[in-house]
Amino acid sequence: MSELRIRMYNVGFGDCFLLTLPDDKTILVDCGFHNNAPGDYSAKELVAQVIADVVALTGKKWIDVVIATHRHRDHVFAFNDPQWDEVQFGEVWFPWVDNPKSAEATKLWRKHHAFTMHLAAAVPSLPIAPEKREEIEFLLWNAGIDERGAPALGFNAWSNEDALEKLRRRAKKRRYLPRTRKVPETFEPEALPGVTVHVLGPSRNPSEIVEEEPPDPQTFKRLALNAGGENAWLAEPPFPPVWRAPPDDERVITAADEARIESLARQADALFAAEFVDHMINSTSLLLVLDIGKARLLLPGDAEWGTWKRLVPGGAHADACKELLETASFFKVGHHGSHNATPEDLVKMLGKSVPAMISTKSGKGNFRKGIPLPKLLEALGARAVRSDKPPEKLPKGFKRGPGGHFIDLTMKC
Amino acid sequence: MRKSPQDIRPERRALKIFAFDPMVARAGDHRVTIDVPYSKMQWRPKGFRDDRIEVIDYDGANNTYYTAIQLDDAQIAMQDGVEPAEADPQFHQQMVYAVAARVLENFDRALGRRVRFWGNERLRLFPHAFEGRNAFFDPGTNSVLFGYFRADEDDAGANLPGQLVFTCLSHDIVAHEVTHAVLDRLHRHFREPTNPHVPALHEAFADIVAMLQRFTFPEVVRRVMSDTRGDLLRRSPLLEIGAQFGAAVGLGEALRTVGQAPDPTLIARTREPHRLGRVLVAAVYEGFVRAFERRTKDLIAIATGGSGRLPEGDLHPDLVARLASEGAKTAQLVLTMVIRATDYLPPVDPTFSDFLRAMVTADYELHRADEIRLRASMIEAFRIHGIRPEAVGSLSVESLLLDPRDPADSPNELLAKCVGELLHLGMRDMKRSTMAEKEEKRFLRPAPPKVESSADFIKQQHVELVREEDDKQGDIDEPDEDWADIGKQLGLWAKTEGTRAKLGLDEKRPVQITGFHPVHRIAAGGELLVEMVAHLVQAGAPDDELGGLAFSAGATIVAGIDGRLRYVISKPFSKERRARVSEWVRAFERDRNPGFRELRPGDTLREAFSSRAMDGRRWR
């Protein structure tokens, strides 16, 4: 009887999964975690561990397929580590938006790049409550922008592009998924004989990735300008000084009205904007179903409602995806167990008997948004195991690694 | 005719504007001169104002005032205002003033009274209030704030990448926002999104007024008639709303184009208010075109010798002129019908069906004989766009009319007194009264609070809609004594036993008079009729089960000068209606909150449909 092993490293708030197939083929899904909520590893330790595990299994510094679900740091950050320089990858799979040659993708990122840069430039000067600031910094860091440092202005430096570029260079073959608008898009990778891949997300349609228009970049530009300092490159008033009225001339509106107009002109919800960037990047996440023998693994990355709603009952592709979802035999819980990455309908379709893994870390701080959600854990049932607090007695098929630094799930396939 | 050499007060003031967005205008000359009612200006370097509009060019992002234009300056006045130019902020001021004045005039004419704001406040226009892709109405200062922004670097359409785009230079955006302001004044409870039609109606109504208003500019219509050969369903710039805006933000086309093929199933499938609103705009436009075609059928027959087929090539200029004039007249009729419908809408929770019935009734009351069959055209247009009137037996005009009250109903003395006094006030407002002209008093509303977050903005707008359920609160929110007096009497009338029940309201709850207006119209027999329209609301408290919305009841009454009720249009506290609101809130939550989060709808619904958020999505 052939078996498949899924190893979840306890990285904290992030994802890193190593899949081992019966023929000793290996698949690495993501490699990262958030600095504010790490688990048992530093980046260096994590990469060393993954490489050691692969070598122990196959004797080679070779991984057949690496999947970078989306470009958030808590998923790709550790790909920057120099230890990877000694490892070769057969194929690397990215969402289509990470294809540097796609004009459509470039257009999509450019808009968000400008917007996020302005936001990052403005945040230090905004009056924001400390817990909100913490949350904004958390989100911006994850998007690859450290707002305390000077934001890099080049498009290429944005949003963890360096980690992705390393991956691209290390790979024999790169796939940018999906290639078409067909949902699901199915293919059989040469690197993994006998494995069938169904791509359910992200949407190939840019307007479905960015469903809502971003908050207005101009506001942030303006805020950054008013904060003064080095950001004076940002903008200039619309009319030359000759048109201006003498500032000390008689008032025509009260000081209070003037203050209100100013507050309306300047008020910018930085947290909302940071969340927008975060959602947008999550919406680019790969959502894959891997058929490996009899096993069917559901790997949604951090796909959010925007991606899911096309697939669950009522969605445009619900009929085409129904069977894939209903017959899944493993579920990687999306987005560390957050509220909008796992639709209730999906949990109903999966049923309680499907083993699931949640790579997460609970703790204090607004930025976590109560992740993982207790209601979700309850709905998933006893076969769902979380990385940070696994139960004393693990369900059937699960096994704790040495020191509890990772958890293995072995399943027939 | 002048009676003395001193008699030089002009009736109208001519001003140049862009009839189309500057980008479209570049392709051909679409600068037009429009005229607005003349009123004397008061000028300061930081702003100018007439008796109802105030233009203040304060840039809140730069803390700077741009010097106000002196429209009464002889040199400026003799050239109908300064030349249209994108780089001239004073032209921008002139344009927002002109378009806003025209919108208010259209409301005055349609409603048969002068639109007045709370406490005779002026409507303030800030043509360059902030940097951003939006323009919105702020009830806190009774202002419309216009943003400016740089065009998309990647995809600017016919704009220069990075070029400054001014929302205040779009006739449509100005007219749209001013209409929001007036509708909010007439029906402030329409801020409460108790069903998807409410925000959709606000948007669509503003679009319809903007679109039809442009159809009343003869210069523009003549040109379009010539270009489209009288076929108003053909694509033309007249039908494009917000052309430059759409191109500048990378949409590659005008924000939306009306006159598309109708899809009657769309309305049932759609909850998103902008898309829903588009259905209503398309339906009204279709009705307008049908009426126009009926009206010009004879003209075309004469011009073509009965064949109905126009010859190849350019149309005869006389024919174009006649078609244009018929088009402008039809637009004015439809505009009047649409605006007047607001008097016959319930004060809370309106639907498209309510709007259709209000339109038909308003038009019926104004023009009993409907030679161009405008009402039937409108009903048919609504039908093919899938907007079905509720609770009517058939689609005939008669069954769509709101039910008039039994004329044998006994008159009410108190009510008769209110209507009588209101008549005087209304006349005084229009300066058509022999009453001693009274110094117009203006009231300052309490200083509006600052806005630190978008949640503040939302809260402020709803605070005044929600009333505690006690009788101590005033019946009416109006500082002017003359108006307040009538409001108080109306309040007394509403409190008399049996009145509330008669209006479909709850006998035990207090009533707020949210508005009342005199209405003058000429009856079929030629005599002048005077009526009063009043809106009564029983406001509920925020309700957690309804996502924090307040479930309110209300009635609009139309009363004659004899103290008889002619119409009562009410939204009672019914279980069915509550269930509908609740269903809509749940559907809204389902759409955006699919997961395992604790349900905390709170202000999300209001936030999503606030004036600023709606316009934010609308204008980008």
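Modeller: Let's start with helix H16 of chain B, residues 481-495, which lies across strands S14 and S15 of chain B and runs at about 105° to S14(B). Bear in mind that this is a predicted model.

The two strands under discussion belong to an open sheet of four strands in chain B, with the order S14-S15-S18-S19 and antiparallel pairing. Its edges are S14(B), residues 512-522, and S19(B), residues 565-571, and each of these pairs on one side only. On average, neighbouring strands in this sheet are turned by 15° against each other, ignoring direction. S14(B) and S15(B), the latter covering residues 528-538, are joined in the antiparallel sense by ten bridges. To find one of them, go to His520(B): its bridge partner in S15(B) is Val530(B). As background, strands of a sheet pair through backbone hydrogen bonds, either parallel or antiparallel.

Now stay with H16(B) and look at another helix that it meets. The axes of H16(B) and helix H14 of chain B, residues 413-429, come within 10 Å and cross at roughly 165°. That makes the two helices roughly antiparallel, because angles over 145 degrees count that way. The crossing of H14(B) and H16(B) is left-handed. From H14(B), the residues in this contact are Leu414(B), Leu415(B), Lys417(B), Cys418(B), Glu421(B), Leu422(B) and Leu425(B). They meet Asp482(B), Trp483(B), Ile486(B), Gln489(B), Leu490(B), Leu492(B) and Trp493(B) of H16(B). Sort the residues of this helix contact by type and you get ten nonpolar, one polar and three charged.

One backbone detail in chain B is also worth a stop. Asp349(B) has a positive phi, near 55°, although it isn't a glycine. You'll find Asp349(B) in the loop between helices H10 (317-340) and H11 (352-366) of chain B.

Next, let's cross over to the other chain. In the contact between the two chains, 43 residues of chain A meet 45 residues of chain B. On the chain A side, the elements giving two or more residues are helices H3, H7 (217-226), H8 (255-266) and H13 (374-380) of chain A. H8(A) gives the most, with eleven residues. By type, the chain A side divides into 18 nonpolar, eight polar and 17 charged residues.

Chain A is itself assigned two domains: domain 1 takes in 3-105, 155-212 and 276-412, while domain 2 takes in 106-154, 213-242 and 250-275. Between them, 30 residues of domain 1 are in contact with 26 residues of domain 2 in chain A. Among the elements that supply at least two residues to the domain 1 side are strand S3 (26-38) and helix H3 (103-122) of chain A. Helix H9(A) brings the largest share of that side, six residues. The domain 1 side divides into 14 nonpolar, eleven polar and five charged residues.

S6(A) and S5(A) run parallel and are joined by six bridges, one landmark being Phe89(A), whose bridge partner in S6(A) is Ala171(A). S5(A), residues 88-95, also runs parallel to S4(A), residues 62-67, and five bridges join these two. There, Val66(A) stands opposite Val92(A) of S5(A).

Finally, look for two cis peptide bonds in chain A. The bond from Val183(A) to Pro184(A) is cis, with omega near -10°, and Pro184(A) sits in the loop between S6(A) and S7(A). The bond from Gly201(A) to Pro202(A) is cis as well, with omega near 5°, and Pro202(A) is in the loop between S8(A) and H6(A).

Definitions and conventions:
Residues are numbered from 1 along each chain as its sequence is written. Chains are lettered from A and ligands numbered from 1 in the order in which they are written. This is a predicted model: local features need pLDDT of at least 70, side-chain atom pairs count only at pLDDT 80 or more; totals for chains, interfaces and linings use all residues. Two strands pair if DSSP finds at least two bridges between them. Axes are lines fitted to C-alpha atoms, for helices over the stretch in contact, and angles run from 0 to 180 degrees between N-to-C directions. Two residues are in contact if their C-beta atoms, placed from the backbone, lie within 7 Å. Domain bounds come from an automatic or database domain assignment. Ala, Val, Leu, Ile, Met, Phe, Trp, Tyr, Cys and Pro count as nonpolar, Asp, Glu, Lys and Arg as charged, and the others, Gly among them, as polar. Angles under 35 degrees count as roughly parallel, over 145 as roughly antiparallel, 65 to 115 as roughly perpendicular and the rest as oblique. A crossing is left-handed if the near helix is turned anticlockwise from the far one by less than a right angle, and right-handed if clockwise.
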